[in-house]
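Got the sequence and the model open side by side? Let's walk through them together, one chain at a time.

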Amino acid sequence: MSERARIAALHLAVIALLFAAQFVLPAYHHGIVSRVMVLAVFAIGYNLVFGYAGMLSLGHAMFFAAGMYGAGLPVYHGGWGIGPAFLFGIACGAVLAAGIGLLALRTSGVAFMIVTMMFGQVAYLLALWFGDWTRGEEGLTIAQDLRVVGPLDLTDPTTRYFVALALFSAALLASLALVRSRFGRTLVAIRENEERTRMLGYDTFRTKLAALTVSGALCAAAGAAYALLFGYMGAGFANVPYSILPLLWVLVGGAATVIGPFVGTLAMFYLTDLSNDLLNRNFPDWDISALGIVGLALVLLILFFPKGVMGTVRARWLPWLP
Amino acid sequence: MAALAGTSNAPLLSTRGLSRSFGGLKAVDGVDFDLPAGEIRAVIGPNGAGKTTFVSLVSGRIAPTAGRIVFDGTDVTRLPAHRRVGLGIAYTFQITSIYAALSVADNVALAAQRSAGGAALKRAVDEALTRVGLRDRASELAGNLAYGHQRLLEVAMGLALKPRLLILDEPTQGLSDAEIDGFVQLVREIAKGATVMLIEHNMAVVMALADRITVMDQGRVIAEGAPDAIRADPAVQAAYLGAPQEAASHG
C-alpha cells in the first residue's frame, strides 16, 4: 500500500470506528463521545497553530467563544435558523482570529503567549460586560424547539452524535489535507526555523496569519456546534481554562499529529471522569478535585512521553504518520 | 547614478550611501558598491568590518538606516526579504541554518517549492542535490549530516531558489582542506549561471575564485580591484596587518 493510501485508510478507519461505535456504546458513553468529537474539533484547530506552526497561543478560548456566541446569540435573541447561525459563528471566529493575528503576530514566543492571553481575557470580560445579552457565567439555554433543522432534531442523542461525527470528520480530513499541502509544509518550516523560511522567499507573516485564521474558524466551528448541539452557552467557555484545555489535549494526544487532538481530548475526558469516580468512591468526604489526579497524570506523561500518544507512536513505530 | 533599468552594462546590484547603525556603532557606513552580472566578487575584511551586515542589508534580513539598494534596475531598498528572494537574491547563512528535523530532500524542497510543484519539484530537488553531491543522502535527517555536508546542503538550498545573485556568507568556515577544494569547484560551476558574492576569510579560496575583491574595514569600502592589485594595496595590508587595533576598535 502506498504511503498516501495508508494515511487515507488510517484516518477513514478512525471515522468508520466512530460511526460504528454509535450503535454499540451505552447511553452515557454515547453522550461523552459526542461531546469529545465536538471538542476535538477545537483541539484540531488549536493543533494547527500550536503543533504545526509552533505558536503557543494562550487565548484560543476566545475563538471557541466567538463561535459559541456568534451562533448561539442570533438563535436565542434573533430567532435565526440553525444553518445560518452556525455559518455566522464560524465567520465570527475567523474574523476575530484574523484581527487578533494582525496585532499579536507582531510578537513571537513568550510575548505572543502573553498578548494572546490578554486578548483572551478581554474577550472573557466582554462576555461578562454584555451580561444583559449573555447572562455571563450563568449562561443561556437554547430551547429545544429552536434547535431543529428541517427533519433534524439536534436534541435527539443519535442525531447529535451523527452531526458531531460529521463535523469532526470534516475537520479531521480538512486538517489532514492542509498539513500535507504546500501550506502545511511551510508552517512546519516556520516552526523549525522562521528566519531561514523567510530567506527562502516565504512571507512568513502572511502564512502565520492564514494559519491563525483557519485555526480560529475551526475553533469557532466547535464552539458554534457546542452551543447548537448541547443548547448551552456561558462565559465560562471564554475563560482561561478553555484556553489551556486545548493545549493539554493536543500535548496529550501528540502535537503536530492529525489524530492526536482527538486521542488527547478523549483520553483527558475519561481520565477526568475516572478520577472523579475513584475519588468519590474511596474518599467520599474529602472533597478532592479530580484535577489533582489529572495534573499528576499530565506531569508523568510529559516526563515520560513528551511527544504525546500519537507523537510517540510516530517516533517508535509509524514514521509516516502525518 | 549608473544603474538605469534595461541598459546592458548596468550592474546587477548597486548600492549608494548604504548605511546601518546599531546604537552609536556604524556597522555599515556609506557604502557605494557595484556588482556586474556574471562576476564572482569576494568581500573581505577583518572581523567586525561590516561584511555580514552589508550582505544582510542587500538580502533584506535587516533594514538600512540610510542609502539605497538597486537590483537589476529595481529599487529594492524597502522590499521585504521574501520579495527580494523572489527577484533572485539568495542568501546562505554564515551560521549553518538548515531544518535539522527534516530530511535533506525536504530542506531543498522547501526552497524549490515556491517555483515548482509535483514532478518538477522532485527534479529541481534532485538537480540541486546532485550539484552539491548530496543526492545519496536525500532521505537522511539534515541534523544527522556531518558539518561539511550541512554547509553543502545550505548551498543546495540557495541553488534551489534559482538565484541570479547568490550570497555566500563564509561558506568554507569549518571545512577540511579536501572539502574546500571541492567547494571551490562547486562555486565555479555555480558562477556559470549566477552572479556570486562571497564573504570569505580563507585567502586561498578568495584568490582562487574572485574576479574582483572588495575590501571593507570599519563599515567602509577601503579598496576594490583585481586580486593581484588588492594583494599589493598598502591600505589593505594596513587593515589586516599593520593598523594599531586600539584605534580601530571604535568606529
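Two strands count as paired if DSSP finds at least two bridges between them, and the elements themselves are DSSP runs numbered from the N terminus: helices are H or I with at least four residues, strands are E with at least two. This is a predicted model, where local features need pLDDT of at least 70 and side-chain atom pairs count only at pLDDT 80 or more, while totals for chains, interfaces and linings use all residues. Residues are numbered from 1 along each chain as its sequence is written, and chains are lettered from A and ligands numbered from 1 in the order in which they are written.

Start with chain B, where four antiparallel strands make an open sheet in the order β2-β1-β4-β5. Because β2 (25-35) and β5 (74-75) of chain B each have a single partner strand, they sit at the edges, with one side lacking a neighbour in the sheet. Between β1 (residues 13-22) of chain B and β2(B) there are seven bridges, and B:L13 stands opposite B:L35 in β2(B).

Now for chain A. Helices α3 (residues 61-78) and α5 (residues 109-129) of chain A pack with their axes 9 Å apart, at about 30° (axes are lines fitted to C-alpha atoms, for helices over the stretch in contact, and angles run from 0 to 180 degrees between N-to-C directions). Angles under 35 degrees count as roughly parallel, so α3(A) and α5(A) are roughly parallel to each other.

Key: Angles under 35 degrees count as roughly parallel, over 145 as roughly antiparallel, 65 to 115 as roughly perpendicular and the rest as oblique.
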